[in-house]
Amino acid sequence: MIGSRNRHILTANMIITTTLYDQLSAQYAERETATAEPWLSRLRANAFASFTANGFPTTKNEEWRFTNVTPYLKEAYQLQPAAPANGGSAIDLSALDAYEVVINNGIPVELPVAKGLSIHSLKEAANSPIVQQYLGQSINLSQQGFAALNTALFTDGLLIEVDKNASIDKPLLITHHYNAAWPFFAQPRLLLIAQRSSKLSVIERYVVDGQAALFVNGVTECVVAENAQLDHYHIQATPTNFHLVNFTQVSQKADSLYNNHTYTLPGASLVRNNLHLDLQASNTESHLFGLYLAGGSQLVDNHTLVNHANPHCYSNELYKGVLADSARAVFNGKIMVQLDAQKTNAFQQNNNMLLSDKAVVDSKPQLEIFADDVKCSHGSTLGSFDENALFYLKARGIGEDSARNMLVKAFAFDVTQQMPIAAVRDCVEALITQKMESLYDRV
Amino acid sequence: MLSIKNLQAGIDGKQILKGINLEVNAGEVHAIMGPNGSGKSSLASVLAGRETYEVTGGEVIFDGKNLLDLSVEDRAREGLFLAFQYPIEIPGVSNINFLRTALNEIRAYRQEPPMDAKEFLRMTKEKQQLVEFDAKLVNRSLNEGFSGGEKKRNEIFQLAMLEPKLAILDETDSGLDIDALRIVSNGVNKLRSDKNAFVVITHYQRLLEYIVPDFVHVLYNGRIVKSGTKELALELEERGYDWIKEPAYSNS
């Protein structure tokens, strides 16, 4: 029985990958013949070879053990979208005063002008020295199939550079807007460089119009130079036709500060967030805050890696999740403390709240320490509603739904309060309320 | 206002309340005393609707409605308030937001519009002064890191804000020093009127020097075995509970 089922899945898998492979290979071959800088051709060739060596990851790959992407690749994805996008927003950030850039189906359409901040289409800037210096340089492509595929085939995206010593007065809001008439496989690419002693807040959000299935294989590379500060928000509350595999690679130089806030709210069928921090010099500080709320049959997977390669660095990670229905979540957080990384302070915590008997969490905190003078901790918890707290709230006249909502917000509070921009915090809190209400009805 | 007839309830098949009868009218303060394990706190929990208790018999009529048919939140919205013996700490829920939500849900139940922010603020300030509740605590997370006395005072502050018809104080005095006890009692005395009523559950006669009851009941082994006026509390203080236990056995 089991053997025949496996064979069946394998056959289906091959068909899917073949279809998508054909298209991706054709796209790659087409690229090859187009004129490109030699360095870029080489980078893409290496990346494509890395991808084809292993194909799309399967659950045999330890990093994908709990997340089988195969079923999500079944749609007849095209590499070109059909319709131009316009329309409403699922994430209302109208209260936010920001520089705004919109990326429509992977192509930037509006580029703001701001003092100290230069923003270009990555396609148009592909030949600039700074792109050559940083693009794809810090990602381990042989281990990261999706990121390798993106590197080989991304068509466009953004190059964002914050000038040396520039402190940007307003946050930069990047809207990833998707509206495709047919199933669309998109591969946007962002390269963000915060030069020495600069400061920027950047918010990435996703807006999806239309019903067609979307698979976004995105890569964002951030370089936080000496003494620079980057606050990075990644917020998505997309509908069920949305599938996201995102890879964020951060390289931190000496004395830099990087804060990441990753929010995955109920909706998208598949979300895999990869967040890799490479601490390339001493005295860096990093904060990773994540919140995932999932219902229905959603699968939300957060994979983080903090690589402490140098002494006197501090990293702190807090991820919290609330799961309803038959939602599944994966938290895989790895802290590496290399031999030279003495006086490291590295902390990690993952807390989960399950609202249903059918919800599943696979939490895998990992700590690998090779230095001998460090302070590190990690932990993982799993719980459900505190019945005593629920009773206390109800005994004051607060209804079941409001009481649950208050407790979820309270649970998420340690994470949400970390967002320094009030307009973003308010928006996310309102989204939590709105999205969770639909889940309580089914609890 | 409250009419309890032959109320029986227990947990996991173990009977704790074995037929309680009690009548409480508007304007009255009733004290319920009794030794540990007699069922005092169970009575409070059953009235508030705690789900761990199973009601096996009897009825409770609150302002003409069958209390036992109502959900926990609807009992509160009808005007029943339980001051918890052990108030819960809820980090991340602000005291003020909690009170605003509670107040507005109660108002919505009574088909009243939500209270506007200005009026709410005015009321908060007034009540907080009335019951001498530290303004700093109002904006903190609900009971988080509060001392025992601060938690009990927060219960009385909530009581003042929600203006219930019937308040049940479940051992609000236990663990309080004499100053905290005086403050809590003053708060209750200021809130007493001919329109509301109090059921004060206590282990110690001391509280009743500050909150003077109209009636004192002694609960023993799941039943009210003796009722009287405030003099009964003094007698209990002097003689203990042993003399009262005997009739309970002879009656049964």
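Okay, let's start with helix H1 of chain B, and with who is buried in it: B:Lys40, B:Ser42, B:Leu43, B:Ala44, B:Ser45, B:Val46, B:Leu47 and B:Ala48. Keep in mind that this is a predicted model. Eight of the nine residues of H1(B) are buried, so the helix is largely enclosed by the rest of the structure.

For one residue pair to click on, take B:Ile61: its bridge partner in S5(B) is B:Asn66.

Over to chain A, and a pair of helices. Helix H2 (residues 38–54) and helix H4 (residues 145–153) of chain A have axes that come within 7 Å and cross at roughly 145°. The crossing of H2(A) past H4(A) is left-handed. Which residues meet there? From H2(A) we have A:Leu43, A:Arg44, A:Ala47, A:Phe48, A:Ser50, A:Phe51 and A:Asn54, and from H4(A) there's A:Gly145, A:Ala148, A:Leu149, A:Thr151 and A:Ala152. Sorted by class, that contact has seven nonpolar residues, four polar and one charged.

Next, the largest nonpolar core. There are 196 residues in it, and the ones touching the most other members are A:Ala194, A:Leu214 and B:Ile168. The biggest giver to this core is H6(A), with eight residues. Let's zoom in on A:Ala194: leaving out residues up to four places away in sequence, it touches A:Val162, A:Leu200, A:Val223, A:Val224, A:Ala225, A:Ala228 and A:Leu230.

Last stop, the contact between the chains. How many residues does each chain put in? Chain A brings 16 residues and chain B brings 19 residues. On the chain A side, helix H5 (387–394) and helix H6 (400–416) each supply at least two residues. H6(A) gives the most to that side, with six residues. And by class, the side of chain A touching chain B is made up of nine nonpolar, four polar and three charged residues.

Note on methods. Residues numbered from 1 in each chain as written. Chains lettered and ligands numbered in written order. Predicted model: local features only at pLDDT ≥ 70, side-chain atom pairs only at ≥ 80, totals over all residues. Contact = placed C-beta atoms within 7 Å. Helix = DSSP H or I, 4+ residues; strand = E, 2+ residues; numbered from the N terminus. Nonpolar A, V, L, I, M, F, W, Y, C, P; charged D, E, K, R; others polar. Core = buried A, V, L, I, M, F, W, Y, C linked by C-beta atoms within 7 Å. Buried ≥ 20, exposed ≤ 12 C-beta atoms within 10 Å, placed from the backbone. Pairing = 2+ DSSP bridges. Axes fitted to C-alpha atoms, helices over the stretch in contact; angles between N-to-C directions. Left-handed = near helix turned anticlockwise from the far one by under 90°.
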